[in-house]
Amino acid sequence: MTQYNNTRLLKALKRQTVDVPPVWLMRQAGRYLPEYRALRAKAGDFLTLCQTPQLATEVTLQPLQRFDLDAAILFSDILTIPHAMGLGLSFEEGEGPCFKKRIETLRDVKSLPIPEVEDELGYVPEAVRMIQHELQGRVPLIGFAGSPWTVACYMIEGRSHKNFITARKMAHQAPEILTALLEKLMKATTAYLKGQILAGVDVVMLFDTWGGLLTPAHYELFSLSSMQKVVANLKSDPSTAHIPIILFSKGAAIHLEAMAQSGADALGVDWTVALSAARERVGATICLQGNLDPALLFSTPQKIRLAVKNLLDEWGSHPGLIVNLGHGIEQDTPIENVQALVSAVHEKRG
Ligand code: 1CP
């Protein structure tokens with residue numbers, strides 16, 4: 001039986017003492033769950049799942065019915081913003097996201113509208129309200145958006161790519177176009193997260209999956225600075241200032257010190273850095289989230305329990321730890337191994 005806890009995550013985010021660290025998993029709802037695959041087949045496609053609040057609610061709650069998780073995360077995608085900007089998103093079977101139009105010129109950027117959240121993206125706040133109604137305060141709900149840079153990668157490339165060379169070329173060849181796009185996405189992302197907060201999410205997270213592809217100088221200039229503006233906007237608005245913000249840049253461990261200055265409440269850390277080393281570098285000012293390798297979940301429950309024990313021992317009794325993976329769950333992950341991870345974190349609970 002799952003024993004829900006509504007305070008662990010929020011306390012950890014404030015670096016307050018908790019009985020055991022909170023645990024949730026990036027992409028905790030998704031294709032490794034048979035009940036997700038069944039609902040997606042019924043819906044027909046992924047976008048329909050996102051855009052139908054009832055279905056998005058059902059998918060959000062699925063992992064909580066199986067595992068003793070300390071948070072729910074809104075089921076949606078980071079590409080809803082460019083879709084609402086008119087780029088024409090579709091998800092081809094086995095190919096990932098694909099846009100009808102892509103961004104090449106300053107004119108393309110200038111013609112992009114900033115979507116009205118309750119209007120063009122209304123299905124997202126509607127899903128938030130529905131999920132919160134169903135959750136009834138059992139666990140907090142995390143809302144999210146992509147970082148402006150990561151969303152720009154897809155808008156410039158037009159689809160997924162292993163290293164987003166077209167977007168990185170733009171950073172060198174036409175930085176004024178990239179800067180204009182990031183500025184627009186920064187405004188759209190602020191409005192989008194504000195819409196989620198006003199609808200009731202308890203925490204927000206920025207996913208900067210592709211920040212680590214940039215040169216150190218470009219990371220600060222294009223990725224971190226636009227996230228920092230989103231954070232500053234939310235923290236300076238009285239209607240959103242109280243909501244904790246988690247910032248996650250994948251493959252960007254060299255930038256932890258700079259990220260810690262962003263104003264965010266927590267940093268997501270991937271598996272390329274030891275969590276204790278990360279804490280030493282950022283100091284006791286910010287919460288850390290991570291950082292088990294998603295590939296670990298393809299080993300055995302015994303090895304997973306040991307890895308969790310090592311992580312908790314290495315961290316010690318410090319406040320401000322959220323146990324998670326260093327990136328999303330892989331789609332063929334065995335369910336019993338996810339169970340082993342979650343219960344190992346909570347084992348010490350009295
Ligand atoms: O059913 C399917 O085939 C769709 C697979 C899928 C899922 C389950 C996609 C398409 N998006 C999602 C949900 C999703 N995406 C969540 C749900 C909440 C959760 O349970 O955690 C979140 C937070 C995201 C965010 C997201 N989408 C990111 C950032 C996080 C990350 O994992 O790096 C990115 C890069 C995307 C783009 C995207 N959407 C979907 C896919 C397969 C991708 C990645 C494509 C690529 O590799 O470039």
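I took a pocket, on a 1 Å grid over the protein atoms alone, as an open set of points where a 1.4 Å probe fits, with protein on both sides within 12 Å along at least five of seven lines; lining residues have an atom within 4 Å of a point. The model is predicted, so I kept to its limits: local features need pLDDT of at least 70, side-chain atom pairs count only at pLDDT 80 or more, and totals for chains, interfaces and linings use all residues. Residues are numbered from 1 along each chain as its sequence is written, and side-chain values use heavy atoms, with hydrogens and water left out.

**Second largest pocket.** I found 16 lining residues here, and Val18, Pro21, Gly316, Ser317 and His318 lie nearest the centre. The volume, meaning the space filled by probe spheres set on grid points joined across faces, edges and corners, is about 280 Å³. Helix 15 (residues 301–315) gives the largest share of this lining, three residues; helices (H or I, at least four residues) and strands (E, at least two) are DSSP runs, numbered from the N terminus. By class I noted seven nonpolar, six polar and three charged residues. Ala, Val, Leu, Ile, Met, Phe, Trp, Tyr, Cys and Pro count as nonpolar, Asp, Glu, Lys and Arg as charged, and the others, Gly among them, as polar.

**Largest pocket.** I read a volume of about 1200 Å³ for the largest pocket. It has 36 lining residues, with Arg27, Arg31, Phe46, Asp77 and Phe91 closest to its centre. Helix 2 (34–43), strand 2 (89–92), strand 3 (96–99) and helix 9 (148–157) each supply at least two lining residues. The lining splits into 17 nonpolar, eleven polar and eight charged residues.

**Backbone.** Most residues other than glycine have a negative phi, and most peptide bonds are trans. I listed Gln136, with phi near 50°, in the loop between helix 8 (123–135) and strand 4 (141–146). Phe164 also has a positive phi, of about 50°, and sits in the loop between helix 9 and helix 10 (165–173). Is each buried (under 20% relative accessible area, 1.4 Å probe, protein chains only) or exposed (over 50%)? Gln136 counts as exposed because its relative accessibility is 66%, whereas Phe164, at 0%, counts as buried. I also noted a cis peptide bond from Gly290 to Asn291, omega near -15°; Asn291 is in strand 8 (residues 287–292).

**Gln228.** I placed Gln228 in helix 12 (residues 216–236). Leaving out residues up to four places away in sequence, Gln228 touches Gln261 and Ser262, contact being heavy atoms within 4.5 Å.
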